[in-house]
Amino acid sequence: MYSTNEKKINYSINGSFYTRKWNDYIPYIYFEKIYGGHGLLKKAVYFAKQNDVMFHSSMIKENQVESWESAGWKTHKKLYVCDQNLKYLSLDNFDNSDNISQKKLEVSDFSYLLDLDKNIFDTYWRNSNSSFHETLKSCVNNYLFVQKNRERLIGYAILGETRNLSYLQRIGVDKNFQRQGFGKKLLQQVLIFAKRKKFFTMKLNTQETNELALSLYKKHGFIVQQKNLVIMKSE
């Protein structure tokens with residue numbers, strides 16, 4: 001019922017919400033609340049139990065967790081929110097990389113990015129075609145950075161722009177090329193681009209358990225905010 005490829009809006013007397021399948025690898029249902037309170041959340045948990053369905057929510061603010069838990073949801077993943085003021089970012093020690101190209105993100109990019117995701121992310125965090133479409137719609141402009149090593153595609157990043165604010169929506173390097181400095185070069189290239197475009201800030205989310213990524217972001221001027229994001233599950 002809710003496991004559609006594209007995001008679908010659903011209505012009930014308790015409120016409204018979006019659903020779609022999580023991705024092509026995990027049999028969960030993405031759940032994004034649009035309108036509704038405790039009654040809607042409780043009804044979703046009840047439906048999940050009765051129909052052997054597992055809802056996993058969109059990211060919610062940490063201060064909303066208590067209300068979700070009171071309706072029967074459980075905390076599944078926690079993410080740090082990191083940002084920095086690009087005005088004070090120095091590019092003195094940054095290197096331009098000839099192996100990283102930049103262009104506007106287009107629908108034609110999705111197929112090879114989905115293939116690349118298999119070598120970068122664990123199954124839970126891999127994108128679907130639908131989620132890439134949602135990324136494309138989420139900002140006024142979306143810039144794609146593609147990284148190669150000897151003509152082999154090994155990494156990519158997506159930077160969204162809205163009103164001179166930038167959002168690092170996705171970044172990753174093939175697991176076979178991690179811990180070799182490629183992630184650092186990719187992040188630096190994104191920061192160089194954002195600085196030259198005169199974006200005011202850059203914001204990103206990273207998993208609470210991803211210590212390597214968090215360390216890389218901190219070394220490049222990102223500050224971890226006190227308020228984090230959470231993904232809830234209907235278990």
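1. Let's start with a pair that sits close together in the numbering: aspartate 24 and lysine 21 make a salt bridge, and their closest N and O atoms are 2.8 Å apart. Keep in mind while you look around that this is a predicted model.

2. How many salt bridges turn up in a search of the whole structure? The search gives ten.

3. Now try glutamate 32 and lysine 7, whose side chains meet in a salt bridge at 3.2 Å, N to O. Lysine 7 counts as partly exposed because its relative accessibility is 31%.

4. Have a look at glutamate 235 and lysine 233 too: they form a salt bridge, with 3.2 Å between the closest N and O atoms. Is lysine 233 buried or exposed? Its relative accessible area is 16%, so lysine 233 is buried, the cut-off for that being under 20%.

5. Last stop, glutamine 147, which you'll find in strand β8 (residues 141-149). With a relative accessibility of 1%, glutamine 147 counts as buried. What does its side chain reach? A polar atom of the glutamine 147 side chain lies 2.9 Å from the backbone oxygen of phenylalanine 182. Setting aside neighbours within four places in sequence, glutamine 147 is in contact with several residues, including Asn99, Ile100, Arg152, Val173 and Leu186.

Methods. Residues numbered from 1 in each chain as written. Predicted model: local features only at pLDDT ≥ 70, side-chain atom pairs only at ≥ 80, totals over all residues. Heavy atoms only, no water. Salt bridge = Lys/Arg side-chain N within 4 Å of Asp/Glu carboxyl O. Buried < 20%, exposed > 50% of the residue type's maximum accessible area, 1.4 Å probe, protein only. Helix = DSSP H or I, 4+ residues; strand = E, 2+ residues; numbered from the N terminus. Polar contact = N/O pair within 3.5 Å; in protein donor to acceptor, adjacent residues only side chain to side chain. Contact = heavy atoms within 4.5 Å.
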